[in-house]
Structure formats: structure tokens, C-alpha cells
Amino acid sequence: MGSPLALAALPPCLVWQADRLAGSAAAGLPTGFAELDAQLPGGGWPRGALIELFADRPGVGELALLLPLLRRTPADHWLAWIAPPFLPYAPALTSAGLPLERLLLVRTTNAAETLWATRQAAASGACSAVLAWPARIDGAGLRRLQLAAEDSATPLFLFRPPEAARQPSAAALRLLLSGRPGGLTVHILKRRGPAAAAPVELALPQRPGAAAPSRLDDHALARPAPARLALAGLHPRRT
Amino acid sequence: MQVFTRGAPEAGLLAVVESHPRQRIVAASPAARALGVNAGDSVAAALAVAPDLLLRPRVPALEAATLEELAAWAGHFTPHVSLDPPGGLVLEISASLRLFGGLPALARMLVDGLAALGLHAALAAAPTPLAARWLAACRPGELLRPRTGWQDRLAGLPLGVLVDAGVGLDSLDLLLGIGVRSLGDVQRLPRAGLARRQAGAVSAVLARARGEAPDLRNWFVPPARYTARVAMAVPTDNVEPLLFAARRLFAGLAAWLVARQAAVDHCHLHLEHESGPATVLELVTGAPSRDEARLGLLARERLAALPLPAPVEALHLESGLPVALAPRSDDLFGDPDSARENAGLLLDRLRARLGADAVTGLRPYPDHRPERAWRPLPPGARQPVATTTAGPRPLWLLPEPKALGGRAQLTLLAGPERIESGWWDEINGGDVRRDYYVAADEAAALCWVFHPLDAPGEWYVHGYFG
């Protein structure tokens with residue numbers, strides 16, 4: 001047998017090493033974060049697949065992670081948000097560069113309607129991305145959604161509570177999101193290819209209080225901060 | 001027979017009964033024929049061999065309506081259609097042959113199209129209407145082209161076909177009496193002799209069939225609105241059989257619209273019950289359309305959500321006024337319009353099932369108060385000119401500010417941003433006097449918190465920087 005050195009000298013297209021991602025995956029949609037692209041098969045969000053995102057609480061940056069993708073919504077395609085838990089705030093979405101006229105906000109009254117609307121949106125091929133917040137969903141439902149997304153080549157993002165990460169799923173990609181100061185930590189729970197070794201640390205420079213914490217303080221019209229009360233649990237930022 | 005069975009994929013055990021001049025079976029479904037029920041049997045005899053037989057009285061009005069519906073449908077093959085009662089339709093196709101790729105191809109399209117409507121027809125072509133009709137009755141499937149000597153192919157037809165064309169029974173008896181069995185035999189008889197024996201009508205009819213005398217017909221004029229009715233074989237309130245029958249109607253509507261180069265943006269589907277008023281379903285497409293699949297999908301969503309007071313006996317479709325639609329040519333490199341059409345279709349379906357209010361878009365609204373700085377908008381509508389906001393705004397807004405309990409551990413990162421507005425709106429609770437901060441909680445999630453100026457100790461969460 002040849003030495004490991006000889007193997008390494010061969011061109012990469014001839015040798016596949018087990019710790020590398022399979023090269024055959026179809027090219028994905030760039031996430032906008034180079035660190036994450038490097039860890040995802042196909043170098044980005046898989047086209048036409050179910051992607052589960054487990055955020056332990058709102059506000060960790062779960063939408064900021066998707067913003068680069070959502071900004072690229074072409075005309076003629078919808079950007080479907082199905083049963084979001086809060087109100088997507090139009091002024092913030094506009095300043096984030098989202099094409100608001102392509103936004104399709106769907107409100108549902110029960111879990112079955114949410115599932116139905118998600119499937120319709122994913123299967124129609126008329127959406128550049130589908131974001132859904134199902135209350136609860138079983139394995140068969142996940143499988144159907146995965147098939148719908150596969151057929152129409154639409155990336156379908158399901159936002160679910162972190163407890164649901166234990167449930168087996170047909171999703172092609174499962175990410176656990178947790179906050180960290182100035183950014184977001186992404187644990188890749190499942191991907192096509194070998195298991196990911198370490199979580200990915202992403203910087204989210206657009207977030208307030210991250211890159212330019214003193215922006216407001218520099219503002220010409222900013223008032224001096226009113227006396228902050230030493231309330232239990234509310235502390236001024238330590239600098 | 002077919003007017004009853006077209007609403008269901010399987011005819012089942014069914015027979016149509018005529019009560020005049022005496023009760024007898026007019027037609028029977030294949031399943032019934034297999035059991036030995038034949039046309040012409042008495043009702044008692046039929047029930048003896050097939051006790052489960054479902055009997056329906058013959059409805060001549062429904063047959064006539066179906067024939068007219070069919071004539072309207074056939075309008076997309078040729079503009080010259082004429083009714084040939086009781087059960088025939090004559091299409092003048094010589095001008096359409098090249099468009100549809102020849103006689104056999106056109107015949108195949110007619111058979112396929114009829115199958116989509118749930119009907120089956122005996123088809124024949126000939127240079128004259130009478131000859132075509134006789135061939136359809138005696139040798140279905142025969143397509144005669146106008147070549148020299150085509151008239152000789154009619155010689156083998158039996159004498160019975162003459163009855164349909166207005167020849168009296170006494171003339172027929174006369175011919176049978178002298179040993180004439182086929183049209184060819186009649187042709188060989190001297191015309192003068194026939195005329196002398198009050199059988200001149202025979203040679204006149206024959207001359208029309210052979211193309212030696214003109215055969216004038218009134219062309220069918222399609223109605224200005226499409227209406228069609230299909231009876232259910234068995235009354236039901238199940239969605240699937242209803243949908244199956246409705247698809248028959250949509251197929252007819254689509255063909256009618258193609259013939260008129262038009263599209264509809266709404267139509268009414270009446271679900272008729274045995275007693276009580278019909279349930280009316282209004283199907284609205286976002287844009288004028290003549291796509292039967294699209295109407296079928298809309299009907300499915302509406303029917304699934306519709307509570308029916310009683311089983312449905314028949315479906316009745318009434319189209320809205322058609323609007324002209326420019327035909328689209330197929331594109332070699334995919335259809336550039338299909339993405340836009342898909343987007344409209346998705347919107348239609350979501351609205352049909354969830355209601356029009358459940359599907360919206362969003363737009364920012366120039367107001368300083370955060371909870372009023374947005375408005376719903378019909379999806380896809382043009383956005384107003386974007387306004388800029390003074391400070392950071394969260395991607396998620398809570399519908400109502402949520403009071404922070406004493407346990408929350410928050411670190412203030414940015415702020416304050418004072419928002420003081422809406423004093424004129426105090427009655428509606430619109431008076432806002434707050435200091436907003438960006439805060440991070442112990443898991444580094446960012447929230448948008450404020451305290452009212454009037455109550456500096458109370459803290460509220462108003463949004464999350466998702």
C-alpha cells in the first residue's frame with residue numbers, strides 16, 4: 001500500500017477522504033456567511049430541502065442568519081412566512097433590505113392549516129424560500145414537507161423549539177442556534193455528509209449593540225441617558 | 001344513459017327507463033349488460049335478472065342540454081357545428097384538418113376530449129352530413145375522405161338508416177317487399193319507378209347523402225355564457241365524487257373558452273339538493289383564466305371546507321362573463337410567464353382555504369409610534385417610498401408590549417431612544433412616551449425594551465432582534 005503522503009499528493013478529485021464532505025452535492029444557495037458555507041454540503045443552503053432551525057429563544061439572530069438569502073428574492077417569487085409567532089416588523093425588514101412587496105404573510109388558526117399552507121407554498125414552486133413556524137408536527141408531516149420542498153426545489157425553513165431537536169426527522173439539515181455576544185453560534189445537528197465536529201461561530205455585524213454599540217451615543221440628538229435605576233436584574237452595560 | 005353516468009368514474013348497475021309508450025329499458029350500463037339486462041327489456045324482466053339495478057327515468061331535457069353543451073364544446077374544433085337530434089352532432093371539419101394534423105389525429109383528439117367530459121361517442125367522417133351520420137350509426141370509426149367513388153362505400157349500409165332521414169315507414173315496407181336490403185340495392189332501382197310508387201323521398205334522401213343534392217343545416221350558435229349541468233349517479237356529500245363531476249364541467253368550460261379565445265375570472269358552481277335551495281359556490285380566480293386544473297384546485301379547497309346540508313343530486317356550472325384573452329404561444333426555452341402564474345395560483349389557493357384576510361403583505365407606515373409604523377397590504381402590491389427610522393428596529397414586534405418580571409437579567413446595550421408621540425390620540429391609547437433600549441438577556445438574545453416616561457420603574461419588552 002502507498003504511504004499517506006502519496007495519497008495526499010494525488011489530485012483531490014481522485015481520492016475522497018472520509019472526513020471531507022461529499023463533493024457530489026448539488027451547489028447550494030450561499031448563506032452569506034463564509035464560515036457556515038464551508039460546513040454545509042454544496043457550499044450553502046441546500047436547494048429543495050427541508051431545513052430545521054432550533055432557536056432556544058427569539059432574538060438570538062435566527063432571522064439575521066437568513067437575511068442574506070431573503071434579500072435575493074427575485075421578482076415573480078413569493079417569500080412566504082407562515083404562522084410567524086410575532087409580527088414581522090415592516091420598518092426593520094425594509095431597512096434590512098428585504099423586498100417587502102414579495103412578502104407573503106400567512107396567518108393560520110390551527111396546526112393542520114399551518115401544515116397545509118406550508119406544503120402548498122413549498123410545493124407550488126412559486127416561492128424563493130418558505131419560512132414556517134409550525135406548532136407541532138409529526139414525522140410523517142416532516143417527510144411530506146421534505147418531499148414537497150424536493151419536488152419544487154424550494155428551500156423550506158422550519159423554526160421549531162429546541163426540545164423538538166430530539167425528534168427524528170427527514171430534514172436534510174438541522175441547525176441548533178444559540179446566541180453569543182455579537183453573533184450567533186450554529187451547532188450542525190445533521191447534515192448530508194459526516195457529522196460536524198465543532199459548532200460554527202458567526203459574527204452578525206448588522207445587529208445593534210454588536211459592532212457599533214456607541215452609535216446612538218454619538219448621535220447629535222442623543223440625550224444623556226436618564227438615570228438608570230438599579231433595578232433588580234437590570235444592569236448598565238459594563239465597558 | 002351517459003348523461004347520468006358521466007359524473008362518476010364507474011357507472012355501476014344502472015339502467016335508464018322510458019315510461020312511454022310502455023315501461024321499458026332504454027339503455028343499460030356495461031355492468032348491467034353483463035348481468036343480462038338489455039335495451040328493450042321490460043322493467044320487471046330486468047329487475048328479475050339484476051335485483052340491485054338502479055333505475056333512472058329518461059330525461060329528454062337533460063339529453064338535449066347535454067347535446068347543446070357538447071356543441072358548445074366542439075366549437076374549438078370548428079366554428080361550424082350543427083345539432084342533429086336526438087343524439088347527433090355534425091361538425092364541418094374540412095377547414096380544420098390542416099390545423100389539427102389530419103383526419104385521424106382530429107378524430108383522436110375528439111375522442112380524448114369527450115373522455116374528459118365523461119362521454120363516449122361513435123365517430124365517423126364522410127363528405128356529406130347524412131353519410132357521416134349513417135356511418136357513425138352502423139360502422140363507427142370509419143373515416144371517408146372525399147375521393148372519387150366514395151359513394152360506393154355507402155352501398156353496404158342497411159335500409160334501416162333511411163328512417164332517421166325522414167323516409168316514411170310505408171316506403172320502407174315497399175322496398176323490403178321487393179327484396180331490397182341495402183342502399184346499394186336502392187341505388188340500382190330506376191328513379192322514375194320509385195317516384196311513381198310514392199317512394200320519391202327515398203331517392204331524394206339518397207341524393208343528399210351522396211352529395212348530388214345540397215343538404216342545408218343550421219349552424220349552432222353557442223350561448224353567451226357557459227352553463228352546464230351534470231347529474232350525480234348517486235346523491236352524495238363526499239368531496240371526491242363531487243369533485244370528479246365538477247371536473248367534467250370545468251373541462252367543458254375550458255374548451256368553450258378556448259373556442260371563444262376568452263377567459264373567466266369567476267364562476268358559480270350550484271350544488272343541487274333533492275329538496276331545499278341549492279348551495280352556491282363562487283369560485284374566483286385572481287386573474288382571468290381558462291385553466292381547468294386551476295378551477296379544479298379551487299373547487300377542491302372550497303368543497304373541503306364547505307358544510308353541505310344534504311347530499312348533492314346534481315352540479316350546475318354557470319360561468320361569469322368571459323373576457324377576451326390573447327392566446328399565448330409556447331416558448332422553446334420554458335415559459336417566462338409560468339413563474340408569475342404559479343405565484344398567482346398559490347395566492348388563490350391560500351385565499352380559498354384560509355380566507356382573504358389571512359394572506360397579506362406588509363408595508364412600513366410613517367408614524368413614530370412603533371406599533372403603528374406598519375400596515376397590512378395586499379400581497380404583491382407596490383410599496384410606498386421607504387422611510388428611514390431613527391434608531392435600531394427589531395425584526396420581530398410583539399403585538400402588545402410585555403411587562404418584564406423582576407427576574408429578567410438584562411444588559412442594556414444601546415439607547416435610550418426617546419419616542420414621544422401620539423398625544424392627539426390619547427383616547428385610543430395611542431399616546432406614547434417611552435425610552436427604548438436594546439438589551440441582551442443572559443443567553444445573548446437581543447430584545448427591544450422600554451420604560452414609560454411616566455413610570456420609570458416599569459420595563460416592557462416590545463420586540464426581538466431576531
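**Exercise 1.** In this predicted model, state in which sense strand 8 and strand 9 of chain A pair, and over how many bridges.

*Solution.* Strand 8 of chain A covers residues 183-190, and its pairing with strand 9 of chain A is antiparallel, with four bridges. Within this pairing, L184(A) is set opposite L202(A) of strand 9 of chain A.

**Exercise 2.** Give the strand order of the open sheet of 10 strands, and name the strands that stand at its edges.

*Solution.* Begin with the order, which is 9(A)-8(A)-7(A)-1(A)-6(A)-5(A)-2(A)-4(A)-11(B)-12(B); the pairing is mixed. Next, take the edges: strand 9 (200-203) of chain A and strand 12 (374-377) of chain B each have a single partner strand, so each has one side without a neighbour in the sheet.

**Exercise 3.** Determine which strands helix 5 of chain A touches and which strands helix 6 of chain A lies across.

*Solution.* Helix 5 (residues 111-124) of chain A packs on the sheet and touches strand 2 (78-82), strand 4 (103-106), strand 5 (127-132) and strand 6 (156-160) of chain A. The direction of helix 5 of chain A makes about 160 degrees with that of strand 5 of chain A. Helix 6 (residues 139-152) of chain A lies across strand 1 (50-55) and strand 6 of chain A, and runs at about 125 degrees to strand 1 of chain A.

**Exercise 4.** Describe the contact between chains A and B from the side of chain B.

*Solution.* Count the residues: chain A gives 57 residues and chain B gives 63 residues. Then assign them to elements: those of chain B giving two or more residues include helix 14 (338-354), strand 13 (396-403) and strand 14 (410-421). Helix 14 of chain B supplies the largest share, 10 residues. By class, this side of chain B holds 39 nonpolar, 14 polar and 10 charged residues. Strand pairing also links the chains: strand 3 (residues 87-88) of chain A pairs with strand 13 of chain B over two bridges, in the antiparallel sense. Here P88(A) is opposite W396(B) of strand 13 of chain B.

**Exercise 5.** Classify the crossing of helix 6 and helix 12 of chain B, and list the residues that meet.

*Solution.* The axes of helix 6 (residues 103-117) and helix 12 (residues 239-260) of chain B come within 7 Å and cross at roughly 135 degrees. Helix 6 of chain B is therefore oblique to helix 12 of chain B. From helix 6 of chain B, G113(B), A116(B) and L117(B) meet R248(B), A251(B), G252(B) and A255(B) of helix 12 of chain B. The residues of this contact are four nonpolar, two polar and one charged.

Note on methods: Residues numbered from 1 in each chain as written. Chains lettered and ligands numbered in written order. Predicted model: local features only at pLDDT ≥ 70, side-chain atom pairs only at ≥ 80, totals over all residues. Contact = placed C-beta atoms within 7 Å. Nonpolar A, V, L, I, M, F, W, Y, C, P; charged D, E, K, R; others polar. Pairing = 2+ DSSP bridges. Axes fitted to C-alpha atoms, helices over the stretch in contact; angles between N-to-C directions. Parallel < 35°, antiparallel > 145°, perpendicular 65-115°, else oblique.
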